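Work through the exercises below with the sequence and the model side by side.

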Amino acid sequence: VEVGEPWWMYHGEELADFSESDHRRNWYLGRVVEVCEDRFSAKVGNADSLEWFQIPSSNDADGLLFKARSLLRCIEWKNITLNLMEGCGGSGRLGLDDDELSALSRPVGEDEVIDFFI
């Protein structure tokens, strides 16, 4: 990650100016403006506010895979409902806040594999 690189940031506002298949409907194109040892910031246009993002602690493939595996979560089949599947536009469309949505999932066990990735 370097200063000046483009960085897409999710806003979830479903901007009517763009079709449903256009990524700009829910994403703003920003630029990386600051890079620290463990995080970087990006902003959109001349906005005053910055958003901070975490940089993985390891630059090698094994370290990145370990980090990805340790953060992988799953939703049990019993918790998957039609409402959940239809609410692919973000937690707000489901009537759930982020904590409630996260509560539907759990970490994937060390010897588990996920059935499907959606």
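**Exercise 1. Locate Trp-77 and decide whether its side chain is buried or exposed.**

Trp-77 sits in the loop that runs between β5 (73-75) and α2 (82-86), where helices (H or I, at least four residues) and strands (E, at least two) are DSSP runs numbered from the N terminus. The next step is to apply the accessibility classes, in which buried means under 20% relative accessible area, exposed over 50%, and partly exposed in between (1.4 Å probe, protein chains only). Trp-77 counts as exposed because its relative accessibility is 53%. Finally, setting aside neighbours within four places in sequence, Trp-77 is in contact (heavy atoms within 4.5 Å) with Asp-115 and Phe-116. Asp-115 is 38 residues from Trp-77 in sequence, and their C-alpha atoms are 9.7 Å apart.

The model is predicted: local features need pLDDT of at least 70 and side-chain atom pairs count only at pLDDT 80 or more, while totals for chains, interfaces and linings use all residues. Residues are numbered from 1 along each chain as its sequence is written, and side-chain values use heavy atoms, with hydrogens and water left out.

**Exercise 2. Find the aromatic pairs of the whole structure and describe their geometry.**

The criterion is that rings of Phe, Tyr and Trp (its six-membered ring) pair if their centres lie within 6.5 Å, with planes under 30 degrees apart counted as stacked, over 60 as edge-to-face and the rest as tilted. The search of the whole structure gives two aromatic pairs. One of them joins Trp-7 and Phe-40 edge-to-face, at 4.7 Å centre to centre and 80° between the planes. This pair links distant parts of the chain, since Trp-7 is in strand β1 (residues 6-10) and Phe-40 in strand β3 (residues 39-43), 33 residues apart. Phe-40 is buried at 2% relative accessibility, whereas Trp-7, at 28%, is partly exposed. Tyr-10 and Trp-27 also form a pair, which is edge-to-face because the ring centres are 5.2 Å apart and the planes stand at 70°. Tyr-10 belongs to strand β1 and Trp-27 to strand β2, so the pair ties together parts 17 residues apart in sequence.

**Exercise 3. How many salt bridges does a search of the whole structure find, and which residues form them?**

A salt bridge is a side-chain nitrogen of Lys or Arg within 4 Å of a carboxyl oxygen of Asp or Glu, and the search finds three. Glu-14 and Arg-25 meet in one of them, at 3.8 Å from N to O. Both residues lie in the loop between β1 and β2, so the pair ties together parts eleven residues apart in sequence. Glu-14 also has a positive phi, near 50°, although the residue is not glycine. Arg-24 forms a salt bridge with Asp-22, with the closest N and O atoms 2.6 Å apart. Arg-106 is joined to Glu-76 by a salt bridge whose closest N and O atoms are 2.5 Å apart. That pair links distant parts of the chain, with Arg-106 in strand β6 (residues 105-107) and Glu-76 in the loop between β5 and α2, 30 residues apart.
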